[in-house]
Amino acid sequence: MIAALCWLASAAVASGVIVTPFPGQWRRGLGLQAVGAAVFIVAGFASLASGHAVGAAFTSQLTPRLGVDRLSGVFLGTLGVVAAPALAYSSRYLDGSRRGRLVGALTGVFVLAMAALLCARDAITFLGCWELMSLLPAVIILVHRDADAESRRSVFVYVAITHLGGVGTWVAVLLLAHAGALGTAGIVGPGSGLQIGIALAALVGMGTKAGLVPLHAWLPRAHPIAPAPVSALMSGVMIKLAVYAMIRVFVDWLGVLPTWFGVLVLAVGAVSSVGGVTYALFQHELKRLLALHSIENIGIIVLGLGACLVLRAHGEDVWAALALAAALLHTVNHAVFKALLFLCAGSIERSVGSLELNRLGGLLRRMPWTGGAFFVGAMAIAGLPPLNGFASEWLTLQALLHVVMSGQVGDGTAGAVALAALGATAALAVFCFVKVVGLVLLGPPRRAHVRDALEVAAPMRGAVAVLASACVMLGLAPGLLVSRLVAIAPWSGDAPVHAGLYVPGTGSLPTVGIAVVLVVVTAVLTLLRGQRTAPAAPTWVCGQSVVPALNWSSAGFTKPLRLVLEVVLRPRREIEVRTHGGVVTEVAYEGEVPNLIDERIYRPVARWSLAGAAYARRLQSGSLGMYVGYLIGLVLVVLIAGRIGWLG
Amino acid sequence: MTASTAASGAVQVIGGLVLSPLLPGLIQHWKARLQGRRGPSPLQPYRELRRLWNKSTVDVAGTTVVYRLAPAVIGGCLVAAVGLVPVNAVGPGLGVGHDVIALVGLLALARFAAAASTWDVANGFSLMGASRDLTISVFVEATLLLALAVAVMLTGTSNLLGMIAGTAGGAVWSSPALPLGALAFGLVVVAETGRQPFDNPDTHLELTMIHEAPLLEYAGRDLAYLQWAEAAWHWVVLVLAAQVFLPHPRDVWVQLAVLPFVLVLMCGALALVETFQAKMRVLLAPRLLGVAALAALLGVVARGVGGS
């Protein structure tokens, strides 16, 4: 049944892909793709609910195998939840030009590659799909942007970093297959050098693909320049598949990892979450800001995963399973609200033509559907009750509290630091999205053309409305999902089913109760306040007249924090004041918060590599005699080495 | 439901919803006395609320539903928060659970609503206050979680009922963990109630306001909701301080009986702090909170070393 659904979904997406390039049929093709993606939702979550693995099991042999189990099911369902609205959205977002149709078809191929990665049950299919999944977005970006200079540069950085770092994935998977441990826990000995080697290689390789700091530099470059539905798929699903791979390796196949490795994962998660959200806060372009928030949320997911590893090393099986469930719940939640936010950003770009935060404003009145959905998404990503982001952050915080409780001095302190980092992250996310909704949706329009913005077409509105309602539903009943997610940990059994999160050792989170109290009290207070009779008046600013030029900007709102963090962030700013006859006529302000990791790590490494290459170039004289000399020298060295016995 | 549960439920609901304006009233009253003024009566907040309730208001032109709903949403958050924080170890469940992390989320929602409304009215002074409030909140929230982690670690649960029961009596005070957590929480209380040295609740200069500034564009019943919410915010953090981070007896009836005196004493302490402390530069506040966070972290380490 589930296997049949998976094949049906793939067939629908594939036939949609075939139809999409034809000029008269491309909307129908995208519709067919969206239907196929919707079938993935059913197949994925059915597989999670049933708990049975379908198809082949993982094998260390190199013959292609396909299958689905619970863990694949969650991610397959998430893929569908993002892909179905994104593809439906594409049918209006893209245009009927050759380029638009090609992007639409390639988007379907991208979805299929990710689905195949989730169903892969052997090393070769897995790695093949992994590479395909990495390369397709690069192709889509180049097609979409017509390979202009900026896109070529960003795609180069993307491909270079994901492939240099991605070596780790190959090393880890091939070592596992070589040891015969792909799919079988307990073959790699706990604490052995092989286990540590595989774990570190996987952390580097898959961490690069997930966008973990410090291997994240490609993410804020590549995500913003893709078309909005593809950005949604990249941020919502693609980077999550790296989390999928990490869970497979760390939790399923490697057995119990040493505690210090769990602490290392916690540290990476904490740095990614705080770093991602801090740089997002000082970003003034909407899609780039959202891309940086993906780093933050991947960090939160990895914090859950790290808590799971530490707790498992301590033998706290119940809480280890809950920590894993927290990571998976945040994975699903982030996919939903990040896809929502990227699609809304695409609509705003279509309608207004700009995503510069300082040039928008007042869009909630002008685009009520898109604006309302965007507001819901912003509250969800800021981790506010009663929406879904809060539920998963709550569970992650609880898991970290248990790391503090169960640990020795060292890992208990690490857990406490991670807890404080997540608390600061949540507060920074609130700060950041107050700024975003304020600048995009509220207040007066900051440019004339924003005043005339029109709401987008129905499929685009529908896609974001569906995702916004998913945010609300996942916020009201996270327990339905968590009770199944807990069972994914191989050492754990089923958990009782509730709508809210009722977990022993916590005060529990009755999500429905909190939502009801909030809504009812808000409604009663609104009714009690009654209607206004006096006519509305302009804002009172100490008697001055309201001048649009004095509107607050993105940089102004975040200035206090920038000053507080000045020592760490080293912001740059330049102010140029022109005076004419003692009167200020013009003030030019330019400010920037440079990315420290780019400046301190990537740039020196690139410089040293280039310098090293310049040295190496001296060997290349270009004369044939020289090269023959090198060859003879090499042969001599090998012969001598063989004679002495170095070659064994 | 036992008698003690019913009694504590009554204290919680009546105290949190009805009596909470007394707390800022008392602080203002004593502060005036300490400064040698006669000052307003402790009942002044109620008179303010009555005056505002009967006043008509003027909407800000060009605003959206965000501006109109914000005071009601903030009121809703604080009602839920009052329902969530029990006054002793046997408080009744009021449908919102007793989880301390959920409380942090509710307070964050209230802060978000206030800050979002400032963008809607686009008043520069309100925005300045919101921006400062959010900056400080980053450090407050991290410190708050660390302080709570100390208490959770000692009691083994994040359920407030269990936390109140677990920190009762004198035994838990023998290790340095809880005193260090209490020190951190004390600074969080000062910051969350908007008191000096973090904020000056008496200021009428827009440039120096933090908590008051986002309220500038509200009047009438909206402002009444916001002022009540401010008072309820005092109630929530002070009850938490009294029943988790200060020594309290084991018996649930005695816990209830002692609570009013402890609350009054803490108001006195806040009035003292307000009198003897000058407001610090807003950019220096994070350093003070950083010290508090380190103290709480030391509490976590201290428990680990003591092994208790």
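Trainee: In this predicted model, where does B:Ser41 lie in chain B?

Mentor: B:Ser41 sits in the loop that runs between helix 2 (22-34) and helix 3 (44-53) of chain B.

Trainee: Why is B:Ser41 called partly exposed?

Mentor: B:Ser41 has 13 other C-beta atoms within 10 Å, and since a residue counts as exposed at 12 or fewer and as buried at 20 or more, the count for B:Ser41 falls in between, so B:Ser41 is partly exposed.

Trainee: What makes helix 5 (residues 100-121) of chain B largely enclosed by the rest of the structure?

Mentor: Of its 22 residues, 22 are buried, so helix 5 of chain B is largely enclosed, where buried requires 20 or more other C-beta atoms within 10 Å.

Trainee: Why is strand 3 (residues 572-580) of chain A said to lie largely in the open?

Mentor: The number of buried residues among the nine of strand 3 of chain A is zero, so this strand lies largely in the open.

Trainee: What makes strand 3 and strand 4 (residues 583-592) of chain A a pair?

Mentor: Pairing needs at least two bridges, and these strands share nine, in the antiparallel sense, with A:Arg578 standing opposite A:Glu586 in strand 4 of chain A. The two strands form a hairpin with two residues between them, and A:Gly581 in the turn has a positive phi of about 60°.

Methods: Residues numbered from 1 in each chain as written. Chains lettered and ligands numbered in written order. Predicted model: local features only at pLDDT ≥ 70, side-chain atom pairs only at ≥ 80, totals over all residues. Helix = DSSP H or I, 4+ residues; strand = E, 2+ residues; numbered from the N terminus.
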